[in-house]
Amino acid sequence: LDQNSQQEEKLNSINEIFLSDPKYADEEDFSSKLEKFKNKYMEFDHNDQGDIDIMGLKRMLEKLGVAKTHLELKKMISEVVGNTTQETFCYTDFLNMMLGKRNAILRLILMFEEKGKDQEPKETGPPRRKTFSDLP
């Protein structure tokens, strides 16, 4: 198995735990939500443990066009994990943040990005090359 599919299996098994948690029994479309969160988490760069560290977070946010200082990034991570000494977060932390009621900055950024995506026409596969017929 390559690292990515190993990672995905690990995340799937965490999703399973969340799916069977009675706390989330009322969540609508819970499994598709978790699937989305998993895919989102996998877009980040991970360290060898499959956790996201400051650099991974920084690169991800830069991809989304959100530049943050090192200090802001540390603050974001401490919001996710609930303490200030840790400089990484794992998938479980990520899920707890995305499903939690606290307005962690990272959660707001990702929710906002998700909303933006819903407005765009759905593109599947690689973006098409523009052809002359696309010109206004």
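Start by selecting Met 76: its relative accessibility is 1%, well, that's under the 20% cut-off, so it counts as buried. Keep in mind as you click around that this is a predicted model. Met 76 is found in helix 4.

Now show what surrounds it. Leaving aside neighbours within four places in sequence, Met 76 is in contact with Leu 57, Leu 61, Lys 68, Ile 105, Leu 106 and Ile 109. For a quick distance check, pick the C-alpha atoms of Met 76 and Glu 87: these two are 11 residues apart in sequence and 9.7 Å apart in space.

Next stop, the nonpolar core. Which residues have the most contacts inside the largest one? Select Leu 57, Phe 89, Phe 94 and Leu 106, and you have them; the core itself has 31 residues. The elements giving two or more residues to this core are helix 1 (3-19), helix 2 (30-43), helix 3 (54-63), helix 4 (70-81), helix 5 (91-99) and helix 6 (105-119).

Zoom in on Phe 94. With neighbours within four places in sequence set aside, Phe 94 is in contact with Phe 37, Lys 40, Tyr 41, Phe 44, Val 80, Phe 89 and Leu 110.

Now hide everything but helix 1 and helix 5. A pair of packed helices is described by the angle between the axes and the distance between them. Here, the axes of helix 1 and helix 5 come within 10 Å and cross at roughly 45°. Helix 1 and helix 5 are therefore oblique to each other, and their crossing is right-handed.

On the helix 1 side, pick Leu 11, Ile 14, Asn 15 and Phe 18; they meet Tyr 91, Thr 92, Leu 95, Asn 96 and Leu 99 in helix 5. Colour that contact by residue type and you'll get six nonpolar, three polar and no charged residues.

Last stop: the loop between helix 1 and helix 2, where you'll find Asp 29. Is Asp 29 buried or exposed? Its relative accessible area is 57%, so Asp 29 is exposed. Check the backbone here too. Most residues other than glycine have a negative phi. Phi of Asp 29, though, is near 45°, a positive value in a residue other than glycine.

Definitions and conventions: Residues are numbered from 1 along each chain as its sequence is written. This is a predicted model: local features need pLDDT of at least 70, side-chain atom pairs count only at pLDDT 80 or more; totals for chains, interfaces and linings use all residues. Side-chain values use heavy atoms; hydrogens and water are left out. A nonpolar core is a set of buried Ala, Val, Leu, Ile, Met, Phe, Trp, Tyr and Cys residues joined through side-chain atoms within 4.5 Å. Buried means under 20% relative accessible area, exposed over 50%, partly exposed in between (1.4 Å probe, protein chains only). Helices (H or I, at least four residues) and strands (E, at least two) are DSSP runs, numbered from the N terminus. Contact means heavy atoms within 4.5 Å. Axes are lines fitted to C-alpha atoms, for helices over the stretch in contact, and angles run from 0 to 180 degrees between N-to-C directions. Angles under 35 degrees count as roughly parallel, over 145 as roughly antiparallel, 65 to 115 as roughly perpendicular and the rest as oblique. A crossing is left-handed if the near helix is turned anticlockwise from the far one by less than a right angle, and right-handed if clockwise. Ala, Val, Leu, Ile, Met, Phe, Trp, Tyr, Cys and Pro count as nonpolar, Asp, Glu, Lys and Arg as charged, and the others, Gly among them, as polar.
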